Amino acid sequence: MSLLEYALIGGILYGIFFALVAVGLNLIFGVMRIINIAHGQFVLLGGYGAFLLTSRAHLNPLYGVPLAVLGAIVVGVPLFRAVVPRLQKSSNPEMLSFILFFGIAQMIDAVLIMVFGADQRSLPQDALGAGSITVFGQSFPDSWWVASAASLLVLAGLYLYFNRTRLGFATRAIMASRDEALATGIDVERVSMISFVIGLALAGTAGVFVPYLLGSISPDIGNELTTTSFAVIIIGSLGNPLGTGIGGLVFGIGTLVMQTFFPSWSNLVPYALLVLIVLVRPAGLLGKSVRVT
Amino acid sequence: MKASAITLGVIGAAFLIAPHVYGNRTLLFSMMAFIVLAQGLNLLYGFTGYLPFGYVGFFGTGAYTTSLMVLHSHLPVLLCVVAGGVGACIVALILGPLLRLSGAYFSIANLAASQILYNVVSNQDLSKITGGPYGLKIDQVYDPSASYFTMLVILLVATGLAAYFRFSRFGMALRAMNQDPTSAAMAGIDVVRNRLIVWLVSASVAGLAGGAYAWNLSVFYPDAVFTLQISVFAIVFALFGGVGTVLGPVIGAIVLYALYNAVGISAPQYFEFIYGFLIVVLVLFLPNGLMSLLARRGVRVI
Amino acid sequence: MLSEPLLKLDGVVKRFGGLVALDGVSFSVAPSEIVGLVGPNGSGKTTAINIISGTYHADAGSVLFEGARIDRVPAFRRVPLGINRTFQVPKPFAAMTVRENIAVAAYFGARVPVEIDAVLAEIDLAGHADVLASQLTVNQQKRLDLGRALATQPKLLLIDEIGAGLNPSELNTIADLLLRLAARGIALIVVEHVLDFLNRIANRVIVLSAGRMLFEGRLEDASRNADVVAAFIGG
């Protein structure tokens, strides 16, 4: 029975973290209806940023978080300006932006391999705490707890942002109805750009902790991170950032259970979940459908 | 119609003569495989707007079906290759419900489905059946000549199908469906059935290519036939050449694959970067590919 | 002289989540009839059209066409049976020419071979046969929509607010066209807000309000009916 307990508690920790990984993608989609299929690559950028901090500058990887935010602004603003207005005016913004970000994903993957090589890189284990914490008789490394706590903090921050700040209200208004938001005088383009940058910052922040939760990072896991994020948010309902938490838990526990009992099949979990959910209940657990007719 | 026949003739002749002029048969073979994949993807994307990010899944299914048939049945190799197409078609039928999804969601779900196939096939636990991570060996039927010709035939079939989609009444129904599905229904068109037909055809083409590829290689790991890079190449080639046309994927694949081999083999990462950059530039400035450049000059492009 | 009605709706109910769009609507339409369908916004007119054309399926009740139930028949299969419609906002095949637009319907929706040129003449777009549908004016696109429907040789034609935005002379042209179609035996259900236009062509009128049928009879009598007036002023 303790194996199951391990899977459950570990799954919760894992799941909370993956809610953080996924939430940036959900935000960008909810506001701009753009599917950032390069999401996993931006997460990796955060992870490699933290790697550089620890290996070159000998700093604690937690400094990777402000670095991620800075990076999100430096990369996100010009990227948005160069690409989004053109896309919104095109014949098929949804598909074209999807393909475009796919191109960006390829570019980031290539750059990462060129700069860091294809091998796996890890971050120093003790940087986030050298020991482990035991709950209900199950032990998990400190880094897992730190990552989980950080995720909860960031998600709580997001909640406050959406419910207590003007920018957050404006963002929710756009998510509910872009046209109505325009009509009430909200500067939709500016708020969209800010949301885009926040989305990238969230991805990068999550990336700082990914090497701890997955053991290491390498350029080839970018796509896997993207599909996993999709699975998480589709389970919890696309466009609803708070549903991401539920999606994360379902995914986390599912993955840990598979890893514990059927390890060679645990790779399948995000993909199987995604296909199952879009076929059986595309609305996710909380929201709107994504079907054609 | 005549233009299509001429096109097929030219392509057929080119690839028949090429091995005598340019010695690297392996490269020519791979180029043909990629033309088929780009064309097969074009059948779906160019004529229904569904972009299968997991297109390589059908290629891999074909490769494995063919190989398993060679290993376990006493059918002649050619029939096993056909079985590869059938296998891919069956998988596509099972995945048919994905067509209910719109645009990007379809693409992602299709990508996930292809990853599922890859993970199942290469799973350690299934080594006895599928070879698992160790791949398959069918060198008892190794025949570079015959498999080359087979791939050429598949290429002509795929291109012929594109011509059919472009110029037939069925193609007209597809165009109508793309432009307005509700009006198309009120014009008597069975939108769901037509989409499914195109989906099955497109998958079968990839499956046939996978089968011929497996035959030609004779020894391969799951990675070789399920890697995302194959989907990426097919998408870039088709977009670059121009989807919805007959020649677009052919020219796109020939140009870019030749370039890749000339320059990129030694530095694959540079090429991955260039392909990514090319996709971005195409989407922003030339979403309808090379063929649209010609069309703008008034050239009648098929 | 009691003949089988061409179309018969019997207790049709349609719900969207909690909203009841149609609440037990029943009426019939005979061949060659022109029936007006009016009501305030949200009364269920377009929903009724969608149910008849097959875009939606009813939650309860039945839809009979030529005596046979068609409730579960998908839209594209109703076309060869003889049902077609126009759209409130015209939906042409934008990247195709006028001629191709008609050709699509003629190839896939007609029971017997159709003269495309004849249809073009009927909707008065013969001179624009090779123009792209996207380059037509809204009025021309409405006629193209009608042409597409006509090319499938319907027995019943559902016309959804064709009068909106047309000037009096354009309205007269369309009215004449619709009267000619009825004279040929085609039944028409015409959803309209422009009442003079309806007055010119409709034999009788059905008034819907909040998903229920409020009145059925002649247009002049409708405007004198207290319930009808209340529904329009209140909604």
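## Confidence

Chain C as a whole averages 90, with 97% of its residues scoring at least 70, and the model has an ipTM of 0.90 and a pTM of 0.89. Where pLDDT is low, the predicted coordinates should not be read in detail.

This is a predicted model, in which local features need pLDDT of at least 70 and side-chain atom pairs count only at pLDDT 80 or more, while totals for chains, interfaces and linings use all residues. Residues are numbered from 1 along each chain as its sequence is written, and chains are lettered from A and ligands numbered from 1 in the order in which they are written.

## Fold of chain C

Chain C contains 9 helices and 10 strands, which are DSSP runs numbered from the N terminus (helices H or I, at least four residues; strands E, at least two). Its C-alpha trace spans about 50 × 40 × 40 Å along the principal axes. Of the 235 residues in chain C, 45% are buried, that is, have 20 or more other C-beta atoms, placed from the backbone, within 10 Å of their own.

## Contact of chains A and B

The contact takes 34 residues from chain A and 33 residues from chain B, two residues being in contact if their C-beta atoms, placed from the backbone, lie within 7 Å. On the side of chain A that touches chain B, α4(A) gives the largest share, 16 residues.

Notes:
A residue is buried if 20 or more other C-beta atoms lie within 10 Å of its own, exposed if 12 or fewer, and partly exposed in between; C-beta atoms are placed from the backbone. pLDDT is the predictor's confidence in each residue, from 0 to 100.
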